[in-house]
Amino acid sequence: MRIDIITIFPGMFAPVLNESIIKRAKSKGKVKINLYDLRDYTLDKHRKVDDRPFGGGSGMVMRPEPIFRAVEKIKSQSHKVRKQKIVLLCPQGERLTQKTAKRLAKNKHLILICGRYEGIDERVRQHLVSEEISIGDYVLTGGELPAMVLVDCLVRLIPGVLGDKNSLNFESFEGNLLEYPQYTRPAVFKRLRVPEILLSGDHKKIESWRKKEALKRTKQKRPDLLNERGVSNG
Ligand code: 9D3
């Protein structure tokens, strides 16, 4: 998978992309991530990426030319490769869910555009972008953190990135159940005991205890997940 990221803050990404699973996926050749500094695609001497909105109003708008030029550059570097999908991270986008991530993970080449300022020239949306994604209903200062969230979410879905096959199968939010309670050693800590059943070695009983606990916890903390699953919430 190839992911190209267009941003005015490329420096924000290194700490996230160069650690942990993403770092390993890159060095294993499972993903190639390129950063494009939007200012490099401006033509004026001040390298202006934004301007005042036509019609007046407060706030600045991202100019279309640098974004179109950056995308053209990326396309020229990868012409005969498979079709790219251009994703804009913006507050009015479709909410990112695990389902959205799985769908996007099917693409071999994604171009992510990180929004900034109050908005982006509508022509970018209409003639360049094929998908708009938001990570939730709260106000951030730009699309950079959302782009990193999306990359993290996508990279772990690439086959061979996670060592353990099971870690993808039995996942929270897939079965729409929260995780069951987990414990590790020691069995007694500050006089607090691990549930006896987990020490019993009876795997059938352990499995049914975990299912029951997962359901109980989901009812308590995220009843909305059970509704989506079509399970009664009584
Ligand atoms: C005037 C209305 N505001 C929208 C709620 C303007 C506005 C606020 C924040 C425009 C851009 C931004 C910057 N945020 C993003 O670009 C963004 C974002 C977010 O703020 N929350 C969740 N997901 C995303 S994806 C991109």
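These legends describe close-up views of a predicted model. Local features need pLDDT of at least 70 and side-chain atom pairs pLDDT 80 or more, while totals for chains, interfaces and linings use all residues. Residues are numbered from 1 along each chain as its sequence is written, and side-chain values use heavy atoms, without hydrogens or water.

**View 1. Serine 134 in strand S8.** Serine 134 lies in strand S8 (residues 131–134); strands are DSSP runs of E, at least two residues, and helices runs of H or I, at least four, numbered from the N terminus. Serine 134 is buried at 5% relative accessibility (buried is under 20%, exposed over 50%, partly exposed in between; 1.4 Å probe, protein chains only). A polar atom of its side chain sits 3.1 Å from the backbone nitrogen of glycine 136.

**View 2. The salt bridge of lysine 85 and glutamate 131.** Their closest N and O atoms are 3.3 Å apart (a salt bridge puts a side-chain nitrogen of Lys or Arg within 4 Å of a carboxyl oxygen of Asp or Glu). Lysine 85 is in strand S5 (residues 85–95) and glutamate 131 in strand S8, so the pair ties together parts 46 residues apart in sequence. Lysine 85 is partly exposed at 22%; glutamate 131 is buried at 10%.

**View 3. The salt bridge of glutamate 213 and lysine 216.** The two side chains meet at 3.4 Å, N to O. Both residues lie in helix H9 (residues 203–221), 3 residues apart, which means a separation of about one helical turn. Glutamate 213 is buried at 12% relative accessibility. Lysine 216 is partly exposed at 45%.

Notes:
Polar contact = N/O pair within 3.5 Å; in protein donor to acceptor, adjacent residues only side chain to side chain.
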